[in-house]
Amino acid sequence: MGGFYFSERIAGVFSYESSEVDWCEDNYKYSDHVVESFNTISSFIFFIVSPIMLYLLHPYAKERNLAIHLVWVMMLFVGIFSAYFHMTLSFVGQMLDELSILWVLATGYAIWFPRRLFPSFITDRSTFSSCTDQKVLRLAKFSVALWVLAISCWISDRVCCGFWQRLNFCYLHGIWHILIVIAVAYGSTLIAYLDANYEIPYSLPGLQYWPCDKWALGIPHIVLKGTTKTLKRC
């Protein structure tokens, strides 16, 4: 009897709408098998941007540390679990979605936290404002703006749902998915650039945008303009 109840409880956490979290989007609006259609579809932005970032950052990762790829590998898992969560609104989906985000943060922290800051306390705030490159400063400003906009969408979807329902526009959480992936691309590239300047300065790291660097428009990434240690030698 105990085993039966245990199995029933396990099945329950996988069942549709077993999570206490329900976003503003109307449930089952377009499909009987997908609870939140737009939130589910918008999660696929992770599967577009992550492989691009893995490709664009490979020269830097190869020179610095291949573990850097783990950040965007983890972002793929965020996309998988986010799509599963919004498709089912299950408790397990919610846990996997939230844990995968923590994995990304933990991975980024482990890879990029500056060794010179372990852990004697900061006495000079100029440590974080010593860059004067206008392209880097522009990237930093855009990163902050994207993060603020993305978080605003997330909060507004949760707090102002009634207002958006009256406007028949309940898609802010899906827009959060799109904005946060781009924000992570911008933010992680900025951190990687600062890391490369400190850890592999001989490679002369620079910033470019894909696919249009001329207008500084697109997905930012690092280019190594100097001689690298990983070049093949005949």
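Are C24 and C161 buried or exposed? Both C24 and C161 are buried, where buried stands for under 20% relative accessible area, exposed for over 50% and partly exposed for values in between, with a 1.4 Å probe and protein chains only. The structure is a predicted model, in which local features need pLDDT of at least 70 and side-chain atom pairs count only at pLDDT 80 or more, while totals for chains, interfaces and linings use all residues. Residues are numbered from 1 along each chain as its sequence is written, and side-chain values use heavy atoms, with hydrogens and water left out.

The protein chain contains nine helices and two strands, these elements being DSSP runs numbered from the N terminus (H or I of at least four residues for helices, E of at least two for strands). Their order from the N terminus is α-α-α-α-α-α-α-α-α-β-β. Of the 234 residues in the protein chain, 42% count as buried. Among contacts (heavy atoms within 4.5 Å) with a separation of 6 or more, 64% join residues 24 or more positions apart.

In soluble globular proteins, nonpolar side chains tend to be buried together. A nonpolar core is defined here as a set of buried Ala, Val, Leu, Ile, Met, Phe, Trp, Tyr and Cys residues joined through side-chain atoms within 4.5 Å. The largest such core comprises 43 residues, and Y60, W72 and I180 have the most contacts inside it. Elements giving two or more residues to this core include helix 5 (69-88), helix 7 (134-159), strand 1 (205-212) and strand 2 (217-224). Helix 9 supplies the largest share of this core, 13 residues. When residues up to four places away in sequence are not counted, I180 touches F46, W147 and A150. A second, separate core of five residues includes W23, V35, F85 and L89.

T40 is placed in helix 2 and, at 8% relative accessibility, counts as buried. With residues up to four places away in sequence not counted, T40 touches V34, A83, H86 and M87.

A search of the whole structure finds one disulfide, the term denoting a pair of cysteine sulfur atoms within 2.5 Å. This disulfide is formed by C24 and C161, with their sulfur atoms 2.2 Å apart. The torsion about the S-S bond of C24 and C161 is about 90°, and the disulfide is therefore right-handed. Because C24 lies in the loop between helix 1 (2-14) and helix 2 (37-42) and C161 in helix 8 (residues 161-166), the pair ties together parts that are 137 residues apart in sequence. For C160, the closest cysteine sulfur is that of C161, at 9.2 Å, which is too far for a bond. C160 counts as partly exposed, at 34% relative accessibility. C170 is in no disulfide, the nearest cysteine sulfur being that of C24, 4.0 Å away. At 6% relative accessibility, C170 counts as buried.

C170 also belongs to the lining of the largest cavity, together with E25, D26, K29, N168 and Y171. A cavity is a set of points, on a 1 Å grid over the protein atoms alone, where a 1.4 Å probe fits but cannot get out, and lining residues have an atom within 4 Å of a point. The count comes to one cavity of 30 Å³ or more, and the largest cavity holds about 40 Å³ of space. Grid points are joined across faces, edges and corners, and the volume is the space filled by probe spheres set on the points. The lining residues of the largest cavity divide into two nonpolar, one polar and three charged.

How values were computed:
On a 1 Å grid over the protein atoms alone, a cavity is a set of points where a 1.4 Å probe fits but cannot get out, and a pocket is an open set with protein on both sides within 12 Å along at least five of seven lines; lining residues have an atom within 4 Å of a point. Ala, Val, Leu, Ile, Met, Phe, Trp, Tyr, Cys and Pro count as nonpolar, Asp, Glu, Lys and Arg as charged, and the others, Gly among them, as polar.
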